[in-house]
Amino acid sequence: MVIQAQDITEQYLLSNDLQHQALHDAMTGLPNRRALEKQIQAVLSQPLHTGYVLCYLDLDQFKVINDTCGHIGGDALLKEVSQILRKGLREQDTLVRFSGDEFAILMIDCSQEQAQRILENLLEHIRTFSFEYENHTFKVSASMGLVVVDENSTLVELLKQADSACYAAKEAGRDRLHIFSETDSDLVQRSGEMRWVARIQQALRDHRLVLYSQPIQALHSRNKGKSHCELLIRMLDDDGKIISPGAFLPAAERYNLAAAIDMWTVEHALSRLKAASAAGRDISGIYAINLSGQSLGDGRFYERIIQLIIDARLSDHDVVLCFEVTETAAITNMRSALHFINELRQIGCQFALDDFGSGLSSFAYLKQLPIDYLKIDGMFVRDCVHNTVNLEIVNSINGIGQVLGLKTVAEFVEDEATLISMKHIGVDFVQGYLIAAPQPWEV
């Protein structure tokens with residue numbers, strides 16, 4: 001008999017260690033996302049004989065602490081919060097560090113009402129906790145989203161629903177619990193917006209964005225000269241039908257795709273103008289392009305478009321680009337807006353403050369912004385003939401604009417009576433369906 005023995009203790013321990021590392025977070029020691037997904041899949045693979053609840057938790061303003069104390073301080077906070085959470089949960093509940101400052105909790109043999117009590121108690125523990133690090137003291141809070149697991153649940157849907165509920169808690173003011181419901185209008189809206197994200201990204205890849213133009217007409221001889229129009233974005237669906245910006249731009253703004261759309265618009269407009277010029281067509285005029293607040297704060301964006309505009313040599317063809325930014329975006333990002341505007345004005349661009357009167361409506365800000373046009377929000381213009389308050393608002397905005405040396409533009413001019421009122425008030429330009437509806441841009 002020949003016996004061969006080999007000690008595999010080291011390999012066995014190493015294998016166990018690797019398996020543990022694959023399913024646990026190294027910093028907090030908690031199970032990780034992969035472990036949670038495996039556990040949820042196991043739950044969903046068999047009939048549900050007991051109640052399961054999934055909770056998604058996100059610390060509020062974690063970035064402030066991370067930026068103030070550095071990543072070491074941020075890690076210390078996450079360790080302390082994980083201990084608070086673990087102490088507040090039952091033995092059978094699974095606490096997971098999902099990613100970054102996000103945690104997930106799978107509650108077993110638990111009703112929605114029980115889960116709500118436990119989670120509200122956890123929120124109170126976090127709320128009363130003070131994090132101290134290197135002479136800094138921070139109060140901490142969290143936002144939570146709760147979803148009940150049922151027979152029709154899938155892993156992807158559960159994670160998406162818990163995340164949506166957590167986001168709704170943040171939108172509602174943070175430091176609270178939001179329970180997912182299929183009839184929740186806010187969550188339904190966000191779910192719809194999330195579906196738009198993939199469509200927007202696909203449209204950018206497949207060149208299914210198109211530009212329309214709408215003329216801006218001078219009301220007085222002193223302003224007549226160059227043609228003036230606003231370029232407007234549209235999307236084509238799979239069947240080639242036009243999708244209006246109101247359907248997809250809110251999702252683009254929420255999910256940080258607005259700057260990509262702005263960049264596409266600038267690049268496409270310049271490319272079309274250069275091609276038209278090369279073909280011998282007259283491209284002189286003022287072309288207004290809308291910019292989002294995200295683009296105002298993105299240094300890489302304006303560095304890129306400055307180079308594109310310089311390369312296009314627009315001044316050689318008597319072309320002026322006028323960038324339109326909303327009042328709210330400009331005032332919210334005042335420092336970025338000032339830098340952005342000043343940089344582009346140096347290469348011959350103009351600026352318009354769009355939708356003025358709809359946001360913060362502070363005339364004091366106008367003196368700080370080096371703009372050329374003031375666009376009066378259409379909600380005041382549209383019914384000003386029948387609404388004396390709106391008529392006076394339009395008159396006031398126009399008067400201030402004129403005193404500051406700005407050209408004023410009335411939006412949503414849709415009938416002759418409104419056009420006559422704008423001319424009588426002294427508005428410089430008008431835009432709206434009476435003048436012309438937006439049409440595919442031809443240059």
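You are looking at a predicted model, in which local features need pLDDT of at least 70 and side-chain atom pairs pLDDT 80 or more, while totals for chains, interfaces and linings use all residues. Numbering runs from 1 along each chain as its sequence is written, and side-chain values use heavy atoms, without hydrogens or water.

Now show the strands (E, DSSP runs of at least two residues; helices, H or I, need at least four; both are numbered from the N terminus). E12 and E13 run parallel, joined by seven bridges; pairing takes at least two DSSP bridges. On to E14, which pairs with E13 in the parallel sense over five bridges, with Gln-350 opposite Cys-322.

Next, pick Phe-323. Beyond its neighbours within four places in sequence, its contacts (heavy atoms within 4.5 Å) include Val-266, Ile-289, Leu-344 and Phe-351. Phe-323 is also among the residues with the most contacts inside the largest nonpolar core, which has 73 residues; such a core is a set of buried Ala, Val, Leu, Ile, Met, Phe, Trp, Tyr and Cys residues joined through side-chain atoms within 4.5 Å. Colour H8 too: it gives the most to this core, eight residues.

For a last stop, select Cys-69, Leu-95, Phe-103 and Leu-123, which are among the 34 residues of another core, apart from the largest one.

Key
Buried < 20%, exposed > 50% of the residue type's maximum accessible area, 1.4 Å probe, protein only.
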